[in-house]
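Subject: Structure handover

Hi,

Here is the structure I promised to pass on. Have a look at it first, and then read on for what I found.

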Amino acid sequence: MTETPHRYTADLAGQLELKWQDRWEEQGTFQAPNPAGPWADPAAVDGREKLFVMDMFPYPSGAGLHVGHPLGYIATDVFARFQRMTDKNVLHCLGYDAFGLPAEQYAVQTGQHPRKTTEDNMVVMKRQLRRLGLGHDSRRTIATIDPEFYRWTQWIFLQIYNSWYDEHAGRARPIGELVAELESGARPTPTGRPWADLGEDERRGIIDGERLAYTSEAPVNWCPGLGTVLANEEVTAEGRSERGNYPVFKRSLKQWMMRITKYADRLADDLDRLDWPEPVKLMQRNWIGRSHGANVRFTVPTNDETYDYVVTHGQEHPQAEIEVFTTRPDTLFGATFMVLAPEHPLVGRITPGSSGNTGDSRSDGWPEGTRRAWTGGAETPRAAVSAYRQQAARKSDLERQSEAREKTGVFTGAYATNPVNGQRIPVFIADYVLMGYGTGAIMAVPGGDVRDHEFATKFELPIVRTVQAPEDFPGDEAYIGDGAVINSSNDEVSLDGLDVEAAKETIIAWLEKKDLGRGTVTYKLRDWLFSRQRYWGEPFPIVYDEQGHAHALPDSMLPVELPDVPDYSPRVFDPNDAQSTPEPPLSRATDWLTVELDLGEGPQTYTRETNTMPNWAGSCWYELRYLDPANHAQLVDPENERYWMGPRPDAVAGAPGDRGDVAGAARTHGTDPGGVDLYVGGVEHAVLHLLYSRFWHKVLFDLGHVTSEEPFRKLFNQGYIQAFAFRDDRGQPVPAAEVEESADDAGEVHYTWQGRPVTREYGKMGKSLKNVVTPDEMFQSFGADTFRVYEMSMGPLELSRPWETRAVVGAQRFLQRLWRNVIDEETGQVTVVDEPADEQTRRVVHRTIADVRADYEGLRFNTAVAKLIELNNALVQLPHVPREAAEPLVLMTAPLAPHLAEELWARLGHEESLAHHAFPDADPALLVEDTVTCVLQVKGKVRDRIEVPADISDADLQERALASEKVQASLDGAPVHKVIVRAPKLVNVVPG
């Protein structure tokens, strides 16, 4: 078969795509003008609606992209291109989240500097992204590893460090304002002593205790094998590091923290103002974990001589209080034991030694009949507690909280007093209770909690129901439903017969009256651990004086650049040595570590902070840098931020300098919070990245640096592209591209690799399963436009979908037919005619315009592709394609297949790029149907269908229906009792 010289093949597609990519870059086609700064163009900004479209920060992997990665990038590009054609000023750009542990570990393995490997990876990724034809404003490309970028990350850190949260005003304020209030006496010191009477260290302690960024001794995930502290999300459920699979231990270390908990209410409440998927909002609310309930105090004897002595069962013992938070104070009468986190500071005080000095009758502290169940094999409570605490320290928080894992624990030997009934209840420690959540202690109500019931059953503890269960409810399970309160009264208060909510109010009032507790709100959200013992991250702009006091560097000394070090890999300890000490690689940069500076008190010697920021830091604010990356004097020009991200003019939020109280108008639900107009990315970042970004943005808003209260107004989570993988008889993956498929005589499909049978499974595309397909393969075999159309046609954007290379040819055929509708494959000449289209063709074109416009606006790209294919196929049937049909089709296809569309548009005689050409408008008159299909029923059953005018009257439609031969045959001579007419689509005839 002779190849036609102008056929749209993969080779021709590649030539056209490179040609148009070069032209777009030369002409700056996708450069978005700003209202201010070096890229200001008032004429191009004024009077135009803006649109800021963003993808989640990609990480430049050494393996480059596979076909699953660009799904979201193509989708945002299609949307941005369409919106650009509606005359919006569209900002669409992309950068690189390039710091982090993966690059550092890869550098350790290869011996190359992390910067080189990261920059090499970025070169590969930039090439692949450019080859996709993405319409990004390349001037605005950023990378977190560039000192000019992380200079502003350090600047934002200092804004947070130099701020405190004013509870009364409900916002962050500069730390200098707190100092001024303390100096003037407008705000008392925590001890009540005058500020002037306090020493320097006392003053520093008060101020540092209020900063939004602070250092603290905190339980952290210490991984000796990696030589660094890990965030919870970097630890597996088995208590091992995601990277390297090393064991992770709990250690208390001095770390930088961020007081995100001060923003818990705002982070939860403002979700109502965001156009985000409800599941993501729910995940964030659950992570914040706001709960209404009560803090209740249980007394317990201790072995601490510093406590006041009280008489307990005829003996004198010091007394302590264990405070618990419960969302169900109505169940207090059912609390039959307590559980403390192994790390709880009271554990050592309440656990008796061999003398049993907390009042137990046995000399070893164990109650009669419980040694076997409660001891864990130890001879004394202290020995049992010590052994159990060591075991718990080797487990991650995720492992400890796993619902599937059997609950364990040991008795401390101590008994607490239930404040509502005076009963002595045993106190256990168990690793499923975490010190970092709530108070690190729980009251256990096995009658109404599944986990407590499991624990009580195992340890043979009493179970008391406090809510009446239905008669048919099993007696050996915890009842967690609603009902009337039972078994809940003492001489002063009775909850019996009340519903749960009324019982809560009653018992909280009684607790507060008796000074035994108080109604309160608590959160699962913890302050953010912000230190990493790594090399490849942003340095902190902090130095320490000889006394160990932290000092913030002035703006003029930023950025603090990451130095080269003789050994940038983290020190790798014995992976099983939980007591080893972190040694950050920056501590080896001796020339950089110690520095002489004048910070206002004359030249002094300081030591730099050797931890680095986590890889979340750069992605917490990068959307702001896209707005103004050429600005070297400011984070972002206020006018540019207001234009691109500020609240819409008809819903302006309160001014940051006039916030009012915590429930003020600035955060009234329903007002527009501002932010990026469309943010697209995977749901795997639904909590942490988005929560941290919102926190940083709200601090910047409070301090007046931005006008938007939220970073991302609208969020869309795209699905994933998955692929088939194959395993041999050893269970090892084999290259999916080399697997052959065949069918036997019975039609059963078999798969073989190198002549041997393999099994097929379905999973995420990746190197480990050897089922990766790269964009480069698609470019070579089909071209970028075909690849783009296929990915957008695979199904709804929000759903995951299977990859099938053989199906890509369908998208290619669509583009080839479109090409043939405009271009003669033999001569290369344009074949469209300037004759008017027939009425039917015009109606099909304009219905497609209306439908495709709506689909693009709603991110329904798969249905847009289907409608364009339908229109294209209709034009194939015509002897000659009229220009008035071809040009709208080309314009509508442009967001999906921009290179092909640009080429056809140019060959149709247009000199300007179609990137900014108006998207076609549908003629309303051509959307009105001339005729419709009317269904004719007799006694509700369909008997006929007829074509009738769309504007037919009820009387005329009834006449036509009764004249139908099929209707008359169904009536079979019976008289007509009633005719129900719903013009123009339905008639139902009811015989007499």
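Before the first number, one cut-off: a residue counts as buried when its relative accessible area is under 20%. By that rule, 55% of the 992 residues of the protein are buried. Please keep in mind that this is a predicted model, so the values below are all computed from predicted coordinates.

**Overall picture**

The protein has 31 helices and 33 strands. Its C-alpha trace spans about 105 × 90 × 70 Å along the principal axes. The exposed surface comes to about 43,400 Å², and 48% of that is supplied by carbon and sulfur atoms. If you take the contacts with a separation of 6 or more, 71% of them are between residues 24 or more positions apart.

**The sheet towards the end of the chain**

An open sheet of 4 strands runs in the order β31-β30-β33-β32, and its pairing is mixed. The edges are taken by β31 (941-949) and β32 (976-982); each has a single partner strand, so one side of each has no neighbour in the sheet. On average, neighbouring strands here are turned by 20° against each other, ignoring direction.

Within this sheet, β30 (residues 931-938) and β33 (residues 986-991) pair in the parallel sense, with 4 bridges between them. If you want a specific pair to click on, V938 has V989 in β33 as its bridge partner. Helix α30 (residues 954-963) packs on the sheet and touches β30, β31, β32 and β33. The direction of α30 makes about 125° with that of β32.

There is also a backbone detail here: the peptide bond from A983 to P984 is cis, with omega near 0°. P984 sits in the loop between β32 and β33.

**A second sheet**

Another open sheet has 4 strands in the order β18-β17-β20-β19, this time with antiparallel pairing. Its edge strands are β18 and β19 (594-598), each pairing on one side only. Neighbouring strands in this sheet are turned by 50° against each other on average, again with direction ignored.

Strands β17 (residues 542-544) and β20 (residues 603-608) run antiparallel and are joined by 2 bridges. Y544 is the residue that stands opposite T607 in β20.

A cis peptide bond turns up in this part of the chain too, from L558 to P559, with omega near 0°. P559 lies in the loop between β18 (550-552) and α17 (590-593).

N487 is not a glycine, yet its phi is positive at about 55°. You will find N487 in the loop between α15 (450-459) and α16 (500-513). With a relative accessible area of 47%, N487 is partly exposed.

K770 is not a glycine either, and it has a positive phi of about 55°. Its place is the loop between β28 (759-764) and α22 (775-781). K770 counts as partly exposed because its relative accessible area is 44%, which falls in the range between the cut-offs of 20% and 50%.

**A helix with a buried face**

Helix α13 (residues 381-393) has 13 residues. From first C-alpha to last it reaches 18 Å, close to the 18 Å expected at 1.5 Å a residue. The buried residues in α13 are P381, A384, V385, Y388 and A392. Seen down the axis of α13, these fall within an arc of 95°, so they line one face of the helix.

**One buried asparagine**

Is N640 buried or exposed? Its relative accessibility is 0%, so N640 counts as buried. N640 belongs to helix α20 (residues 638-645). And what is N640 in contact with, once its neighbours within four places in sequence are left aside? The contacts are N34, P35, A36, L627 and D628.

Cheers

Technical notes: Residues numbered from 1 in each chain as written. Predicted model: local features only at pLDDT ≥ 70, side-chain atom pairs only at ≥ 80, totals over all residues. Heavy atoms only, no water. Buried < 20%, exposed > 50% of the residue type's maximum accessible area, 1.4 Å probe, protein only. Contact = heavy atoms within 4.5 Å. Expected span 1.5 Å × (residues − 1). Arc of directions from axis to C-beta. Pairing = 2+ DSSP bridges. Axes fitted to C-alpha atoms, helices over the stretch in contact; angles between N-to-C directions. Areas by Shrake-Rupley, 256 points an atom, 1.4 Å probe, with all protein chains shown as cover.
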